Amino acid sequence: MQNEVTKPEFCSALAQLASGVSIITTALHGQMRGITATAVNSVTADPPTVLVCTNSSTGTSKMIADAGWFAVNFLAAGQRSVSDVFAGMGGLQGDDRFGFGDWETSGPNRLPLLTGALAQLECEVEKMVKSGTHDVYFGHVRSVKVSPGEPLIYHGGNYLPHAPFVDKNRETVGVRTMSG
Ligand SMILES: Cc1cc2nc3c(=O)[nH]c(=O)nc-3n(C[C@H](O)[C@H](O)[C@H](O)COP(=O)(O)O)c2cc1C
């Protein structure tokens, strides 16, 4: 039998996976919750489905279970500071995090949507699967709003400050800042 991969080995390997950064939000009884997350993926377009993996210990994960709905906000390159707030840096918790960033609520479920995000998806929970420390929510996407822009990317434990860009012939021609 092969040796078990250790947690540091696993984390160092997965840190090499560049990911777009999202904020997953939910709301119930006038309360809102949200966390920064990279564990967000498309599942299928038919029916339109995404999955998100949320630590079971977070208030967000618990509230999604009760509310049955969540939203996913794909962050733009300029939204790094709001990403930090929803990752718990700076110590803001619960509703207080929504004092940071430009938030509006949508629909009967009052899901918090971030103005300026590249996409806002409103999702109804189809099913949840527990895996270790995390809850994996499959969401039926009930509404989308898309805005053009550059994404916020996380890699190697840091936000990517620069992205190579390519010309029309798909050759790398340089590096520009994400905001430039
Ligand atoms: C770049 C980045 C990606 C993250 N991705 C996830 C994720 O996919 N799922 C998750 O549960 N937590 C993720 N986290 C951690 C949560 O954002 C953090 O634990 C959360 O804000 C804690 O919320 P709480 O104070 O309500 O427990 C990520 C953090 C960062 C900085």
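Analyst: Start with the buried residues of α2: Thr60, Ser61, Met63 and Ile64. Buried means that 20 or more other C-beta atoms, placed from the backbone, lie within 10 Å of the residue's own; 12 or fewer count as exposed, and anything in between as partly exposed. These four lie on the same side of α2, because they cover an arc of only 165 degrees around the axis. That arc is taken over the directions from the helix axis to the C-beta atoms.

A word on the basis. This is a predicted model, where local features need pLDDT of at least 70, side-chain atom pairs count only at pLDDT 80 or more, and totals for chains, interfaces and linings use all residues. Residues are numbered from 1 along each chain as its sequence is written.

What covers the buried residues of α2? The cover includes β2 (22-28), β3, β5, β6 (69-74), β9 (119-131) and β10 (134-146). Helices (H or I, at least four residues) and strands (E, at least two) are DSSP runs, numbered from the N terminus. The protein chain has three helices and 14 strands. After α2 comes Gly68, with a positive phi near 75 degrees.

Next, the ligand. Around it stand 17 residues, and Ala37, Ala39, Asn55, Thr58 and Ala87 come nearest. A residue is near if its C-beta atom, placed from the backbone, lies within 6 Å of the molecule. α2 (59-67) gives two or more residues to this shell, as do β3 (31-37) and β5 (48-55). The shell has eight nonpolar, nine polar and no charged residues. Here Ala, Val, Leu, Ile, Met, Phe, Trp, Tyr, Cys and Pro count as nonpolar, Asp, Glu, Lys and Arg as charged, and the others, Gly among them, as polar.

Now the core. The largest nonpolar core has 32 residues, and those with the most contacts inside it are Ile24, Val52, Phe70, Ala71, Val72 and Leu75. Such a core is a set of buried Ala, Val, Leu, Ile, Met, Phe, Trp, Tyr and Cys residues joined through C-beta atoms within 7 Å. α2 is one of the elements that supply at least two residues each. β6 gives the most, with five residues.

Beyond its neighbours within four places, Leu75 touches Val21, Ser22, Ile23, Ser83, Ala117 and Leu152. Contact means C-beta atoms, placed from the backbone, within 7 Å.

Finally, the whole chain. Buried residues make up 28% of its 180 residues.

Methods
Two residues are in contact if their C-beta atoms, placed from the backbone, lie within 7 Å.
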